[in-house]
Amino acid sequence: MPKYSFTAEKLTDTLTRGETTSASGTLNAPSPQAAKKAVERSLRSRGYEPTGDITITQK
């Protein structure tokens, strides 16, 4: 399975209104679309709502 890196800008903290942050990392996924969905799902499960761009690039 290919490895992808991601950068997520403008993540809104759903528990602390008004707080924003960003995140980056790597993951394995079958396609860029699957990688983006996995990142979105993971961020939401941690209490962040993506309100900006999520950039996925293959490593």
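Reader: Is threonine 16 buried, partly exposed or exposed?

Author: Threonine 16 counts as partly exposed, at 38% relative accessibility. Buried means under 20% relative accessible area, exposed over 50%, and partly exposed in between, with a 1.4 Å probe and protein chains only. This is a predicted model, in which local features need pLDDT of at least 70 and side-chain atom pairs count only at pLDDT 80 or more, while totals for chains, interfaces and linings use all residues. Residues are numbered from 1 along each chain as its sequence is written, and side-chain values use heavy atoms, with hydrogens and water left out.

Reader: Where does threonine 16 lie?

Author: Threonine 16 lies in the loop between β1 and β2. Helices (H or I, at least four residues) and strands (E, at least two) are DSSP runs, numbered from the N terminus.

Reader: Which side chain reaches the backbone nitrogen of threonine 16?

Author: That of aspartate 13, at 3.2 Å. The side chain of aspartate 13 also has a polar atom 2.8 Å from the backbone nitrogen of leucine 15. A polar contact is a pair of N or O atoms within 3.5 Å; within protein, one must be able to donate a hydrogen and the other to accept it, and residues adjacent in sequence count only if both atoms are side-chain atoms.

Reader: Is aspartate 13 buried or exposed?

Author: Aspartate 13 counts as buried because its relative accessibility is 16%. Aspartate 13 lies in strand β1. Leaving aside neighbours within four places in sequence, aspartate 13 is in contact with Glu19, Gly47 and Tyr48. Contact means heavy atoms within 4.5 Å.

Reader: Tyrosine 48 again, then. What separates the C-alpha atoms of threonine 16 and tyrosine 48?

Author: They are separated by 9.8 Å, and the two residues are 32 residues apart along the chain.

Reader: Change of topic. How many helices and strands does the chain have?

Author: The chain has 1 helix and 4 strands. From the N terminus on, the order is β-β-α-β-β. The radius of gyration is 11 Å, close to the 10 Å that the globule rule gives for 59 residues, so the chain is as compact as a globular protein of that length. The radius is taken over C-alpha atoms, and the rule is 2.2 Å times the number of residues to the power 0.38.

Reader: What box do the C-alpha atoms fill?

Author: Roughly 35 × 15 × 15 Å, taken along the principal axes. Buried residues make up 27% of the 59 residues.

Reader: What about contacts along the sequence?

Author: Among contacts between residues at least 6 apart in sequence, 59% join residues at least 24 apart.

Reader: Back to strand β1. Is leucine 11 buried or exposed?

Author: Leucine 11 is buried, with a relative accessible area of 1%. Leucine 11 lies in strand β1. Not counting residues up to four places away in sequence, leucine 11 touches a list of residues that includes Leu43, Tyr48, Pro50 and Thr51.

Reader: And lysine 10?

Author: Lysine 10 is in strand β1 too, but counts as exposed because its relative accessibility is 56%. Lysine 10 has a positive phi of about 55 degrees although it is not a glycine.

Reader: Which residue has its side chain joined to that of serine 5?

Author: Threonine 57, through a polar contact of 2.8 Å. Serine 5 is found in strand β1, residues 3-13, and is buried, with a relative accessible area of 19%. Apart from residues up to four places away in sequence, serine 5 touches Gly25, Thr26, Thr55, Ile56, Thr57 and Lys59.

Reader: What about serine 42 in the helix?

Author: Serine 42 lies in helix α1, residues 32-45. Serine 42 is partly exposed, with a relative accessible area of 28%. The side chain of serine 42 makes a polar contact of 2.5 Å with the side chain of arginine 46.

Reader: One more serine. Where is serine 22?

Author: Serine 22 is in strand β2, residues 20-28. Serine 22 is partly exposed, at a relative accessible area of 43%.
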